[in-house]
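User: I would like to learn how to read a predicted model. Please take me through its features one at a time.

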Amino acid sequence: MFAKYIKISSAAKIVIFAFLTFYSILTLFPLIWLVYNSLKTNNDFLANPFGLPQISKLQLKNYYDAWVTMGIQRFTINSLIISSVSVVLSILISSMAAYAIERMIWRSSQKVLNYFLAGIMVPIQIILIPLFINFKKLNLLDSRIGLLIPTVAFALPTSIYILTGFYKTIPRELEEAALIDGCSVYKIFYKIILPLTMPAFVTIAVFNFLGAWNDLLIPLVLIQTPELMTLPVGLLNFRGMYGAELTKMFAAVVISAIPSIIIYFVLQDKLLKGMIAGAVKG
């Protein structure tokens with residue numbers, strides 16, 4: 001309601017439009033540059049890195065070589081497994097933890113919430129060495145379970161923070177009516193609370209998926225076996241093996257970005273609605 005009272009002059013609109021256009025070009029140019037250079041031969045790229053490729057000489061073979069010869073499909077599958085499972089686990093755990101913290105009355109709920117939120121401020125770099133030492137003692141190095149544990153753990157603080165904000169806005173009368181009708185706590189959680197929290201789940205799913213998909217440090221430290229490497233680590237290794245074949249590496253990078261782009265375009269409406277709803281309600 002406040003927005004309709006804000007008056008913006010024509011000059012201000014032009015300045016805002018020009019700034020947003022410039023920012024969009026600045027943001028998209030690296031991706032566009034990467035795509036059209038991935039369709040060149042290596043010699044064409046080295047001769048003119050900023051020139052467009054000739055239509056008659058488009059090198060679609062670069063994508064075939066990146067997918068088959070360079071073996072990027074294995075890294076893609078590994079990243080999909082880790083990202084998808086971590087999203088499911090983080091939503092499952094954070095939804096129950098946030099519900100207990102926000103909707104149940106117990107003495108230390110605020111302390112537990114603060115404990116989780118403190119995890120947002122912990123840089124991942126400072127826990128890598130202790131993580132490696134402890135996982136080595138537990139024989140969790142070079143395993144998907146060992147990679148999933150820290151990935152899910154680092155996704156929990158932000159997920160719980162978002163969900164507690166949503167749970168706070170749900171009227172308690174809904175739960176009280178359900179209790180009068182004989183629903184148990186578990187039934188209230190699954191039948192009433194979870195359906196109302198779907199926008200927040202979409203927001204969490206997108207953020208956590210992209211975080212796990214693009215994560216480099218944790219897989220780089222915990223995974224050494226090529227068969228278990230994720231996309232960022234696999235692409236990093238290409239630097240030594242295929243460092244001279246730049247256009248094929250560009251094709252591999254473009255392939256690695258496709259799932260993130262698809263998820264954003266498919267879920268952008270729900271993501272924005274979830275973020276706006278959370279901001280307004282929180």
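User: Which residues is Leu 163 in contact with, leaving aside its neighbours within four places in sequence?

Analyst: Contact means heavy atoms within 4.5 Å. With neighbours within four places in sequence set aside, Leu 163 is in contact with Ser 94, Ser 95, Ala 98, Thr 197, Ala 200, Phe 201 and Ile 204. A note on sources: this is a predicted model, where local features need pLDDT of at least 70, side-chain atom pairs count only at pLDDT 80 or more, and totals for chains, interfaces and linings use all residues. Residues are numbered from 1 along each chain as its sequence is written, and side-chain values use heavy atoms, with hydrogens and water left out.

User: What is the mean pLDDT of the protein?

Analyst: pLDDT is the predictor's confidence in each residue, from 0 to 100. The mean here is 86, and 93% of the residues reach 70 or more. Helices are DSSP runs (H or I, at least four residues), numbered from the N terminus. Among the elements, helix 4 has the highest mean pLDDT (93), and helix 13 (residues 246-281) the lowest (78).

User: How many residues has the largest nonpolar core?

Analyst: In soluble globular proteins, nonpolar side chains tend to be buried together. A nonpolar core is a set of buried Ala, Val, Leu, Ile, Met, Phe, Trp, Tyr and Cys residues joined through side-chain atoms within 4.5 Å. Buried means under 20% relative accessible area, exposed over 50%, partly exposed in between (1.4 Å probe, protein chains only). The largest core has 63 residues. Leu 163 is among those with the most contacts inside it, along with Ile 160, Tyr 167, Ile 193 and Phe 238.

User: Is Thr 76 buried or exposed?

Analyst: Thr 76 counts as buried because its relative accessibility is 9%. Thr 76 is found in helix 4. Leaving aside neighbours within four places in sequence, Thr 76 is in contact with Trp 67, Trp 213 and Leu 231. Thr 76 and Met 229 are 153 residues apart in sequence, yet 9.1 Å apart in space, C-alpha to C-alpha.

User: And where is Thr 247?

Analyst: Thr 247 is in helix 13. At 3% relative accessibility, Thr 247 counts as buried. Not counting residues up to four places away in sequence, Thr 247 touches Asn 37, Ser 38, Lys 40, Thr 41, Asn 42, Phe 45 and Asn 62.

User: Is Val 185 buried or partly exposed?

Analyst: Val 185 counts as partly exposed because its relative accessibility is 40%. Val 185 lies in helix 9.

Terms used:
Helices (H or I, at least four residues) and strands (E, at least two) are DSSP runs, numbered from the N terminus.
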